[in-house]
Amino acid sequence: MAQKNSMPIESFKKLCDFNGTVYESKKGNEYIKALSKIFELNNTNDKPFTKEDILKQPKLKDFTFDGVKDFEYICKLKVKPLNITKEGKRKNEKLQAYDFVSEREKGIFNGALGVAYIFTCTIEDNEYIIKIGNTRTTFKKRLGSYNCGVVNNWRTASTTNIKILQSMVTTREELNLYLYDCSADKVSIEWRGIKSVPFATPKTLAVEDIMIKQFRKQFGKKPLANVQANATEVEEVNT
């Protein structure tokens with residue numbers, strides 16, 4: 001069955017190298033160059049970041065704000081690039097979680113309703129800060145949102161989702177995921193004697209706001225993948 005609203009298959013192939021068996025996404029500057037022939041990459045928010053960009057970012061160990069201590073390392077995230085068979089069957093690029101610290105951390109990833117998070121990337125034993133964000137859903141659902149940032153959704157997906165997923169395709173580096181679990185602060189509202197389902201606390205928004213403000217205070221800039229106009233602007237309910 002044909003996929004709806006899809007680019008022509010030849011456009012996808014222009015973003016790939018053929019390895020003798022399948023077409024797979026290019027990487028690095030070659031991938032960005034190929035993207036630029038299909039989409040306008042007019043500003044930083046549109047253009048995926050590279051490994052060279054990561055190496056210019058502040059290191060996690062140098063971020064001195066005490067709030068960092070409340071974030072717990074959970075797992076790694078890696079990207080599976082776009083893949084096209086000789087017959088033209090396409091599998092979209094996708095971020096996947098793996099190597100959880102334990103079942104406990106996996107439970108937080110899957111079930112904690114409302115978390116703040118930090119993405120870092122380790123290159124040659126240096127851990128660089130990539131993004132600070134929050135979600136009032138579970139992180140499992142947030143990862144699903146990031147996976148909407150496939151190249152086929154370039155004109156419809158959120159800027160944040162495109163930025164993260166396409167940058168991971170570009171760099172092929174792994175991300176380290178840290179979460180601050182705010183689910184203990186979730187709230188339920190009673191109205192006319194009936195109690196609602198639990199809702200995530202707005203604390204996640206506050207934590208992200210404070211973390212980014214302190215980051216900017218110390219380093220004079222936002223984290224690499226924080227593409228919002230300012231620290232308190234959020235895309236939908238996830239950033």
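**Exercise 1.** In this predicted model, which residues of helix H4 (residues 103-111) are buried, and why do they lie on the same side of H4?

Solution. 
Step 1. Buried here means under 20% relative accessible area. Glu 105, Ile 108 and Phe 109 of H4 are buried.
Step 2. These residues cover an arc of only 100° around the axis, so they sit on the same side of H4.

**Exercise 2.** Which residue caps the N-terminal end of H4?

Solution. 
Step 1. The cap is Ser 102.
Step 2. A side-chain oxygen of Ser 102 lies 3.2 Å from the backbone nitrogen of Arg 104.

**Exercise 3.** Identify the strands that pair with S3 (residues 72-80).

Solution. 
Step 1. Strand S9 (residues 175-181) runs antiparallel to S3 and is joined to S3 by 5 bridges. In this pairing, Glu 72 stands opposite Leu 179.
Step 2. Strand S6 (residues 94-98) also pairs with S3 in the antiparallel sense, over 5 bridges. Here Lys 76 stands opposite Tyr 98.

**Exercise 4.** Classify the crossing of helix H2 (residues 28-36) and helix H6 (residues 159-171), and name the residues in contact.

Solution. 
Step 1. The two axes come within 7 Å and cross at roughly 130°.
Step 2. That angle makes H2 oblique to H6.
Step 3. H2 makes the contact through Gly 28, Tyr 31 and Ile 32, and H6 through Gln 166, Val 169 and Thr 170.

Terms used:
Residues are numbered from 1 along each chain as its sequence is written. This is a predicted model: local features need pLDDT of at least 70, side-chain atom pairs count only at pLDDT 80 or more; totals for chains, interfaces and linings use all residues. Side-chain values use heavy atoms; hydrogens and water are left out. Two strands pair if DSSP finds at least two bridges between them. Helices (H or I, at least four residues) and strands (E, at least two) are DSSP runs, numbered from the N terminus. Buried means under 20% relative accessible area, exposed over 50%, partly exposed in between (1.4 Å probe, protein chains only). The arc is that of the directions from the helix axis to the C-beta atoms. A polar contact is a pair of N or O atoms within 3.5 Å; within protein, one must be able to donate a hydrogen and the other to accept it, and residues adjacent in sequence count only if both atoms are side-chain atoms. Axes are lines fitted to C-alpha atoms, for helices over the stretch in contact, and angles run from 0 to 180 degrees between N-to-C directions. Angles under 35 degrees count as roughly parallel, over 145 as roughly antiparallel, 65 to 115 as roughly perpendicular and the rest as oblique. Contact means heavy atoms within 4.5 Å.
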